[in-house]
Amino acid sequence: MAEQNESGAVVAPDLESTQRPKKKEAFFTRLYLGNGALDIVGKRKVWYIATTLLFLICLGSMVFKGFELGIDFKGGTKLSMPTSSVSGPAITDQQVKDVYQQTLGKEAASVQTAGTGTSQTIQIRSEALNAEQVTKLRDALFTQLKPKDVNGQSVPTVISDSAVSGSWGGEITNQAIIALAVFLVLVTLFLIFYFEKWMALSALAALAFDLIVTAGVYSIVGFEVTPATVIGLLTILGFSLYDTVVVFDKVKENTRGLLGLTRRTYAEATNLAVNQTLVRSLNTSLIAVLPVFALLAIGVGLLGVGTLKDLALVQMTGMISGVFSSIFLASPLLVTLKLTEPKYQQQAQRVAARRANLARKAEAAAAGETFEPTDEDSLDAELRREQAISAASAVPGRTAKASDARRAAPKARPTGKRGR
């Protein structure tokens, strides 16, 4: 049966090559070349179950456990003191927590070290304290820990305190919600005009999944939500859509003119696109995640800076979730939505019929029998023949040159008479 090459030309298959078994390449070779090592779309029900469970776990944590809001959102008191002490060793976070517990009878919301060298400080955040509690706590910290400033002086004023209002965090959240709404509207319009409605819907579903999973992980881990967390959550939106757009662009390329062909179905073309972009997605994500992971390790392990920790966790979670959703959610969901259209269902049926026809031919050849095509096979062959003739007739003829006319003209035969 005639096939079409990549340029669209109709070519006849080589019978010997079709009967000769092909050597199957290794898994990692096929993965690197992107020629279908993983059947992701074909097993989309498995990925639907996995993504649904992950989504429900994260959503359940957000609903039942909630978030550990920082004092920027709920208000509170903030104290700061140097880590240097006249007694010798640097003051540790645990020492400050113990003094806080002994003095007020409760735990501080957060105690963390920030900065390096002589400018290193300990930041104490707690619920709102009255003036008496603040004075009592400052006196206890100064008496028991003896902090000193950069000049080596140990005076009570080295411990500072301030009241933080929760209205600022609320304003940040409102602005973030507005920015998110505008972003989603603009992205939806772009996806609809550049791709089509089903791709836009699948990309938005993957984006919503990334937001819920990132926020859910933050809720499960129990990190304090700060304005830096909200800002970091907005930064992952672009990365999540970037990977999805890369995959969909390849899907668009692979499925161009697919309805007129019977070589592969829409699901198979989409799965091929996912495999072709898989290595690129993994490499891009790895390069992007490594610096963020280093930021998280340095921010938490070495510098003890809470802002770095908040930004790094939300970005790393969002990047990993973005790659996962673009491969295992957006693309399979696109196929499911696309196959609701009758024209793609009919194209899949034609592909199945063609493969069944090839299988019957192979069985007849193996048994040494003559293959008798059915009426439907003859009709398909006739339609393909008419399409080939129509395509050939549409090719413009080459303009004849003068040299061609001279070569084509008949030569004069000699008459045997001399010219007079």
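Me: Where is the place of I159?
Reply: This is a predicted model, in which local features need pLDDT of at least 70, side-chain atom pairs count only at pLDDT 80 or more, and totals for chains, interfaces and linings use all residues. Residues are numbered from 1 along each chain as its sequence is written, and side-chain values use heavy atoms, with hydrogens and water left out. Helices (H or I, at least four residues) and strands (E, at least two) are DSSP runs, numbered from the N terminus. I159 sits in the loop between α6 and β7.

Me: Is I159 buried or exposed?
Reply: Buried means under 20% relative accessible area, exposed over 50%, and partly exposed in between (1.4 Å probe, protein chains only). The relative accessible area of I159 is 1%, so I159 is buried.

Me: Which residues is I159 in contact with, leaving aside neighbours within four places in sequence?
Reply: Contact means heavy atoms within 4.5 Å. S80 is 79 residues from I159 along the chain, with the two C-alpha atoms separated by 5.7 Å. The contacts of I159 are L79, S80, M81, R138, L141, F142 and P147.

Me: What is the phi of K146?
Reply: K146 also lies in the loop between α6 (131-145) and β7 (160-164). K146 is partly exposed, at 34% relative accessible area. Most residues other than glycine have a negative phi. K146 is not glycine, yet its phi is positive, near 50°.

Me: Which residues of α3 are buried, and what arc do they cover?
Reply: Helix α3 covers residues 44-65. Its buried residues are R44, T51, C58 and S61. The arc is that of the directions from the helix axis to the C-beta atoms. These residues lie on the same side of α3, because they cover an arc of only 125°.

Me: At what angle do the axes of α8 and α9 cross?
Reply: Axes are lines fitted to C-alpha atoms, for helices over the stretch in contact, and angles run from 0 to 180 degrees between N-to-C directions. The axes of α8 (residues 197-221) and α9 (residues 227-254) come within 9 Å. They cross at roughly 145°.

Me: How many of the 420 residues in the chain are buried, as a percentage?
Reply: The chain has 14 helices and eight strands. Its buried residues make up 36%.

Technical notes: Expected span 1.5 Å × (residues − 1).
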